[in-house]
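I opened this structure to look up a few local features. My notes follow in the order in which I made them.

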Amino acid sequence: MSRDIEQRTDPERATVLRSDQDYASISRAISDSVLRPTSRGWWLGFCLSGLGVLIFIAAAGYLFYAGVGIWGVNTTVVWGFAIINYVWWIGIGNAGTLISAMLYLARQPWRTSINRFAEAMTIFAASIAGLFPILHLGRPYLFYWLAPYPSTMGVWPQFRSPLVWDMFAIATYIIVSVLFWYTGLIPDLATLRDRARSRAAQLVYGAFALGWRGSAAHWRHYERAYLILAALAVPLVVSVHSVVGYDFATALMPGWRSTLFAPYFVVGAMFSGFAMVIVITIALRAAFRLHAFVTPRHLDAMAKILLAASLIMGYAYGMEAFMAWYGTDADEWRQTVTTATGPYGPAYWGMLFCNVAVPQLCWSARIRRSIPALLVVAILVNIGMWLERYVIVVNILSQGFMPSQFRLYFPTVWDWATMLGSFALFLWFFFLFVRFVPMVPMHEVRKLAHDLGERS
Amino acid sequence: MSPNPSLLAEFGTAGQFLDAIGRTRAAGYRRIGAYAPFAVPGLDEALDLPASRLPQWMLIFGIFGGASAFLLQAYLAAVDFPLNAGGRPYFSWPSFTLVTFEFTVLGAALAGFFGMLALNGLPRPYHPIFDATNFDRASQDRFFLMIDSDDPEFDPYSTRRFLDSLNPIAVTEVNREAG
């Protein structure tokens, strides 16, 4: 029986790393992408995304100067693009931790090559997400009032509000993600320190490597720390996006007050995050020729997770509509009907198309292994998940209890500038990341090579 | 303090490396250092290292973080400045569980990261073993086994002969403080 399983899984396992790789070639290929001179394409991308960052800074600067009224929010739809983008970005961020932590606990060998940039994606996306709750405050300079500190006023934050939980959840999430990411980086920074030929690179990587020597005692504590951090990160991710769900679910608004929101938001986060990881994986694999480390097997596995998450999302959408019909709440049912047929109907049907219909293509193994097809599916999922947050935030708010208060939301140029600027900020961080940090964890790939059968 | 330098043997595969550690321990050496470019499965067992104390530290700091967060919220909301927020009870403990959970994770994670560094004696940018020939490959593709000259079994000639008998790529000397 066990031999049977071994025979079935072994060829599959072997496909996560091209067989011509040994320890030396792994170290060389990955560290060279950092240590070689800067390419022209990198400068181009860095400068173009830098221009976008300037747009973001300008949009935020004008917001601080003129006030939150430059956005399209009104007294009915008080949450607009800022909260949509906040939820979208934090959702993107969650998949990185799930890949590095959950798949680590599940001992999935295909996680190894992609976990470093998935984690980087998490940190950048969570940091960008963390900006939006501050930007959308009317008085952003007082955001530190959310922290419990002994002030001369003697007042404290209101711990019964999910928006306060949000602050703690995001801050904890960013800190723990950075620690987890940096822990995984230390042995790789030691490799860069030892391979670097310029004095400056040796000093900088040597300083960040903290004197890592790779001794048996080091590895013993390291493995423990990494394992337990992974075990902590999984419930942390679930809690972070559940809190985001509670921002809505603890309200009285029909369409928001659903007990389904916490798990449904967590799965949605995993869904959109995996879609983003697919986009990034395809881009980095082509740009840096990572074909030895990122194989069709990786894309295949991620596409399967995308499909599974899409089915759960479809179930959640169905259950929302069913419960509204099955329950006795007239407002809930009116919300559901207006969502599908009202002014925001196209966003709702677009969401269903992108999130439920399109990912069904992943049932086909040919689609899962076809890079262009998977890229299209992943991009559509990201658009669909943005529409989902748009439907939840704007559409629900626009039609609450009082018909005299029904109002539509029209985003202004500043809404769009902040949103596009946040994309540019993400890209800009990513350009810095691929230039200075090894994008594939070398020591973990070496261990994978060892597990798959050592070559020397 | 013996004036002899310690000896460092270099290996190309994890299999040879583990085998060499086993034979070194069988030969009676106890002060052995081992350096590898990744966490070699079975290395702890081969060296008979005690279990890491890190999990206990993480547990203690996790409980500390969670308990202090819960007590802080309960004290601030129910004792220090009780405020009727939406008719909720002052001690509305279900609302306090989220932040309690986040601080449990934060306490344990900080203890895990800084505890790992502390137990490993990091940061320590310079270490005498970095001066050893070819040691820069310990972070890339080579495995190193060191027998400390403090070891009671250590003898400059017979230990070198013993290391040569393990078929290493090379045997080099390390400044004795390398430890």
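Before placing any residue, I noted that helices (H or I, at least four residues) and strands (E, at least two) are DSSP runs, numbered from the N terminus. The model is predicted, so I took local features only at pLDDT of at least 70 and side-chain atom pairs only at pLDDT 80 or more, while totals for chains, interfaces and linings use all residues. Residues are numbered from 1 along each chain as its sequence is written, chains are lettered from A and ligands numbered from 1 in the order written, and side-chain values use heavy atoms, without hydrogens and water.

Entry: I looked up A:Trp145 and found it in the loop between helix H5 (115-135) and helix H6 (162-195) of chain A. Its relative accessibility is 43%, so I listed A:Trp145 as partly exposed (buried is under 20% relative accessible area, exposed over 50%, partly exposed in between, with a 1.4 Å probe and protein chains only). A:Trp145 belongs to a nonpolar surface patch of about 670 Å², made with A:Phe143, A:Tyr144, A:Met153, A:Val155, B:Phe81 and B:Leu83. Patch residues have over 30% relative accessible area and no salt bridge; like charges are joined within 9 Å, and nonpolar side chains (Val, Leu, Ile, Met, Phe, Trp, Tyr) within 5 Å. A salt bridge here is a side-chain nitrogen of Lys or Arg within 4 Å of a carboxyl oxygen of Asp or Glu. The areas come from the Shrake-Rupley method with a 1.4 Å probe, and for residues only the protein chains shown count as cover.

Entry: backbone. I found a cis peptide bond between B:Leu122 and B:Pro123, with omega about -5°. B:Pro123 sits in the loop between helix H4 (93-119) and strand S3 (143-147) of chain B.

I then checked phi. A:Arg107 is not a glycine, yet its phi is positive, about 55°. A:Arg107 lies in the loop between helix H4 (81-105) and H5 of chain A, and counts as exposed because its relative accessibility is 55%. A:Leu210, also not a glycine, has a positive phi near 60°. I placed A:Leu210 in the loop between helix H7 (199-209) and helix H8 (216-249) of chain A; at 13% relative accessible area, A:Leu210 is buried.

Entry: cysteines. I took a disulfide as a pair of cysteine sulfur atoms within 2.5 Å. The count over all chains is zero. For A:Cys354, the nearest cysteine sulfur is that of A:Cys362, 13 Å away. A:Cys354 is buried at 6% relative accessible area, and A:Cys362 is buried at 0%.
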